[in-house]
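Reader: I have a structure open and would like to learn how to read its features one by one. Where do we begin?

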Amino acid sequence: MSVTTQAVQSFQHIDDARHRTLITALVQKLHDYINEVQLTEAEWMQAIQFLTQTGQLCHEQRQEYILLSDVLGISMLVDQINHQKSEVQTPSTVFGPFFIADMPVRNFADSIVIENAEQCRPLLIKGNIRNTQGEAIANAYIDVWQTADNGMYSGQDPEQQIDNLRGVFVSQADGAYAIKSILPVSYEIPSDGTVGQLLNYAKRTFWRPAHIHFKIVAEGYQPLVTHIFLENDEYLQNDAVFGVKDRLIVCHESKQADPQSQAVYGLDCDYDLMEYDFILSEA
């Protein structure tokens with residue numbers, strides 16, 4: 001009996017049928033790969049060291065394994081398999097490695113710009129949370145996060161307050177939401193870790209197009225993890241993590257302050273506007 005057969009059969013007593021399938025299939029595919037490429041001992045040790053170093057970089061505010069999954073295209077493949085059932089629902093995309101839970105709950109049209117807000121031209125992001133029948137979803141929790149002008153997220157950048165450019169908003173009774181922020185910028189994913197070593201070795205781009213992250217959760221609906229991307233960004237066709245979907249690309253407009261924008265959104269200066277409706281599928 002081959003070592004592959006022995007290894008696969010050794011997991012046959014796992015009670016959960018799905019877990020048994022996942023583990024035995026993984027062991028079989030790994031053995032098949034090793035046989036196919038005739039892996040050397042030195043190469044296997046190098047792989048172990050790479051994975052060990054990847055794990056050592058992970059902490060509450062950085063997930064190098066998620067970043068590795070992203071640049072290998074695995075995150076988007078899993079997304080494609082699990083979120084292709086509804087053509088009406090807002091497309092999902094990669095979660096990314098820089099989400100931080102338990103950020104402050106903010107009021108309608110509050111700003112997530114905590115630092116140097118008075119120096120920034122505001123961006124108003126507004127729209128509605130709806131279901132696939134077009135009905136408003138009230139009390140949806142909208143977790144939002146993005147980088148600062150330097151292309152870094154709070155938690156990644158020690159100079160930023162942890163809640164800068166982050167926050168949780170709640171949709172109103174009519175499904176409306178409004179968030180004040182700044183226009184996002186294109187940025188390079190971190191190059192100081194194992195993922196950076198891999199991309200450098202492969203001569204691949206580090207760039208991501210400008211975007212804002214959203215995680216939307218509402219009772220009775222499937223959670224949505226997605227971005228909205230800025231139209232005409234030079235990296236839309238060459239995203240380092242393959243995360244761009246056409247329906248997530250949004251234009252922005254320059255607007256002048258007027259009595260309504262001041263009364264409803266607290267804007268007393270010229271601003272940029274992005275409008276986007278998020279559509280959730282029932283659970």
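Author: Begin with burial. Of the 283 residues of the protein, 42% count as buried, where buried means under 20% relative accessible area, exposed over 50%, and partly exposed in between (1.4 Å probe, protein chains only). This is a predicted model, in which local features need pLDDT of at least 70 and side-chain atom pairs count only at pLDDT 80 or more, while totals for chains, interfaces and linings use all residues. Residues are numbered from 1 along each chain as its sequence is written, and side-chain values use heavy atoms, with hydrogens and water left out.

Reader: How many helices and strands does the protein have?

Author: The protein has seven helices and twelve strands. Both are DSSP runs numbered from the N terminus: helices are H or I with at least four residues, strands are E with at least two. The C-alpha trace spans about 80 × 40 × 30 Å along its principal axes. Contact means heavy atoms within 4.5 Å. Among contacts between residues at least 6 apart in sequence, 71% join residues at least 24 apart.

Reader: How do I read the faces of a helix?

Author: An α-helix has 3.6 residues a turn, so residues three or four places apart point the same way. Take helix α5 (residues 74–82), whose buried residues are Ser-75, Met-76 and Asp-79. Seen down the axis of α5, these fall within an arc of 90°, so they line one face of the helix; the arc is that of the directions from the helix axis to the C-beta atoms. What covers the buried residues of α5 includes α4 (64–71).

Reader: What should I make of phi angles?

Author: Most residues other than glycine have a negative phi, and most peptide bonds are trans. Two residues here have positive values. Phi of Ala-109 is near 70°, and that of Asn-139 is near 60°.

Reader: Where are Ala-109 and Asn-139, and is each buried or exposed?

Author: Ala-109 sits in the loop between α5 and β1 (123–131) and is buried, with a relative accessible area of 4%. Asn-139 sits in the loop between β1 and β2 (141–145) and counts as exposed, at 53% relative accessibility.

Reader: Which residues touch the most other members of the largest nonpolar core?

Author: A nonpolar core is a set of buried Ala, Val, Leu, Ile, Met, Phe, Trp, Tyr and Cys residues joined through side-chain atoms within 4.5 Å. The largest one has 32 residues, of which Ile-129, Phe-214, Ile-216, Ile-228 and Phe-278 touch the most other members. The elements that give it two or more residues are β1, β2, β4 (176–181), β7 (211–217), β8 and β12 (278–280). The largest share, four residues, comes from β8. A second, separate core of 16 residues includes Met-76, Val-94, Ile-189 and Val-241.

Reader: What does Ile-179 touch?

Author: Ile-179 is found in strand β4 and counts as buried at 0% relative accessibility. Leaving out residues up to four places away in sequence, its contacts include Ala-109, Leu-123, Val-144, Phe-169 and Phe-214. Ile-179 and Phe-169 are ten residues apart in sequence and 7.8 Å apart in space, C-alpha to C-alpha.

Reader: How is empty space found?

Author: Rolling a probe the size of a water molecule over the atoms shows where empty space is left. On a 1 Å grid over the protein atoms alone, a cavity is a set of points where a 1.4 Å probe fits but cannot get out, and a pocket is an open set with protein on both sides within 12 Å along at least five of seven lines; lining residues have an atom within 4 Å of a point. Grid points are joined across faces, edges and corners, and a volume is the space filled by probe spheres set on the points.

Reader: What is the volume of the largest pocket, and which residues are closest to its centre?

Author: The volume is about 780 Å³. Of the 19 lining residues, the closest to the centre are Tyr-33, Gln-46, Ala-47, Phe-50 and Leu-198. α3 gives the most to the lining, with six residues.

Reader: And the cavities?

Author: The count comes to one cavity of 30 Å³ or more. About 60 Å³ of space lies in the largest cavity, and its lining includes Leu-67, Tyr-153, Ile-189, His-213 and Val-241.
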